Amino acid sequence: MSLRTRTAILSVLLLVLSSFAAMAQPATTASSSTLHGSVLDPDSALIAGATVVLTPASGKPQSTVSKSDGTYTFRVLAAGVYGVSVSAPGFAVYNKEAVKVAPGANLTLDVKMTLKEELQQVNVNTTTVSLSVDPDSNASSTVITGKAL
């Protein structure tokens, strides 16, 4: 086999291998999306430590925790429809369904939490002491009269 033939075969082989390598790259790199935002209280103060759960229409949910500045981020998302749930102590759970993420989108979703209503029940039990005014049953009573009043 001549050098020219070997070079041609090697060139074709490298071209085929590079084509396979290009196809092996994840498709999410070119079309991946990002969802990010802030978690806020009713007064628009940032909430750190809130749990944010992103659930695709089909697939496994992802979760993250808001940072000390109240922000959260989900990277490398496939395009689709998601549900978002946010929870934090002292606040009602926030739910948003049908969040549409387009291919290559950089979507912002700021969440304003509401205070959790807490019901408290207080039971008061009383016992009444009966007081008798019958002079026959007041053996240990003291009678105050005249000047002592």
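**A tour of the sheet and the core**

Begin by selecting the four strands that form an open sheet, which run in the order 3-2-5-6 with antiparallel pairing; keep in mind throughout that this is a predicted model. At the edges stand strand 3 (62–65) and strand 6 (94–101), and because each has a single partner strand, one side of each is left without a neighbour in the sheet. If you turn the view, you can see how neighbouring strands of this sheet are turned against each other, by 20° on average when direction is ignored.

Next, select strand 2 (residues 51–56) together with strand 5 (residues 80–87), which pair in the antiparallel sense over six bridges. Within this pair, look for Thr-55, which stands opposite Gly-83 in strand 5.

Now move to the largest nonpolar core, which has 20 residues, and colour those with the most contacts inside it, namely Leu-35, Val-39, Tyr-72, Val-84, Val-86, Leu-109 and Met-113. Two or more residues are given to this core by each of strand 1 (33–40), strand 2, strand 4 (71–77), strand 5 and strand 6. In soluble globular proteins, nonpolar side chains tend to be buried together.

Stay with Met-113 and show what surrounds it: leaving aside neighbours within four places in sequence, the residues in contact with Met-113 include Val-39, Ile-47, Val-86, Phe-91 and Tyr-94.

Finally, select Tyr-72 and Phe-74, both of which are buried. A search of the whole structure finds one aromatic pair, and it is made by the rings of Tyr-72 and Phe-74, whose centres are 6.1 Å apart and whose planes stand at 65°, so the pair is edge-to-face.

Technical notes: Residues numbered from 1 in each chain as written. Predicted model: local features only at pLDDT ≥ 70, side-chain atom pairs only at ≥ 80, totals over all residues. Heavy atoms only, no water. Phe/Tyr/Trp six-rings, centres within 6.5 Å; stacked < 30°, edge-to-face > 60°. Buried < 20%, exposed > 50% of the residue type's maximum accessible area, 1.4 Å probe, protein only. Pairing = 2+ DSSP bridges. Axes fitted to C-alpha atoms, helices over the stretch in contact; angles between N-to-C directions. Core = buried A, V, L, I, M, F, W, Y, C linked by side-chain atoms within 4.5 Å. Contact = heavy atoms within 4.5 Å.
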